[in-house]
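Hi there,

Here is the structure I promised to pass on. Please have a look, and then read on for my notes.

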Amino acid sequence: MATLLHLNVSPRGETSISRRAGQMVREQLAAHHGELTVIERDLAANPLPPIDAAFTHANMVVAAKRHDADPAALALSETLIAELQAADVVLITTPMHNFTVPATLKTWIDLVVRPERTFTSTPQGKEGLLRDRPVLTVVSCGGRFSDDAASQRDFFSPYLTYVLETIGLTRLEILRMESTARGPEHVARAYDKLASWCATAVPALLA
């Protein structure tokens, strides 16, 4: 039985486009894998605490020098990393906020991207320490993306790609559901695009 880690980010509850999209992807995954063991991490319903001084200190010193309080400062980070390590597939369903990742997702990233824990530095650059696995990301975007001056820029995709590659997750597929703030017709088109992606890109990535 495959294990799925699902990060849900949208604070909009039942009205969320990305949450509905996540359910569609999960149905496709279940059809491909059979029954799934699902680790739910709802970053909106249960937001992670901001990075504080205790975590920053413990994260930056080598394990042999950590004093007795440091393991407690790293406990949540270790839980999140353990969830990631347990997963055969990761699903991230999220809105785009101000052209990039929402603050709640950024906090999750800051807690799992750790030196000498999930990546190490080498003369050739940073090297991921986690086992690679597919990461499916569906991002709901109110605006549209194109080459003309009126469209918005996507800082979400290159950032998420780079930061996950840093910890060893290179099998990333991102679907943008665009123009979702422009009316029902645009939302319907976005779901059509998602359905096509679920039918083709998702099975190919999991092959």
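Buried means under 20% relative accessible area, exposed over 50%, and partly exposed in between (1.4 Å probe, protein chains only). By that rule Thr93 counts as buried, because its relative accessible area is 0%. Thr93 sits in strand β3, where strands are DSSP runs of E with at least two residues, helices are runs of H or I with at least four, and both are numbered from the N terminus. Setting aside neighbours within four places in sequence, Thr93 is in contact (heavy atoms within 4.5 Å) with His6, Leu7, Asn8, Val9, Ser10, Ser18, Gly22 and Val138.

Before you go further: this is a predicted model, with local features needing pLDDT of at least 70 and side-chain atom pairs counting only at pLDDT 80 or more, while totals for chains, interfaces and linings use all residues. Residues are numbered from 1 along each chain as its sequence is written, and side-chain values use heavy atoms, leaving out hydrogens and water.

Now to helix α7, which covers residues 184-206. Its 23 residues reach 31 Å from first C-alpha to last, close to the 33 Å expected at 1.5 Å a residue; the expected span is 1.5 Å times one less than the number of residues. α7 bends by about 40° at Trp197, the bend being the angle between axes fitted to the seven residues ending there and the seven starting there. Trp197 is also one of the buried residues of α7, which include Val187, Tyr191, Leu194 and Cys198. Among the elements covering these buried residues are α1 (17-33), β3 (89-95), β6 (135-140) and β7 (172-177).

How do α1 and α7 cross? Their axes come within 10 Å, at roughly 30°, and α1 is therefore roughly parallel to α7. Axes here are lines fitted to C-alpha atoms, for helices over the stretch in contact, with angles from 0 to 180 degrees between N-to-C directions. Under 35 degrees counts as roughly parallel, over 145 as roughly antiparallel, 65 to 115 as roughly perpendicular, and the rest as oblique. Residues of α1 that meet α7 include Ile17, Met24 and His33.

A second pair is α4 (residues 75-86) and α5 (residues 103-112), whose axes come within 8 Å and cross at roughly 95°, so α4 and α5 are roughly perpendicular. Leu76, Ser77, Leu80, Ile81 and Leu84 in α4 meet Trp108, Leu111 and Val112 in α5.

Finally, Arg182 lies in the loop between β7 and α7 and is partly exposed, because its relative accessibility is 47%.

Best wishes
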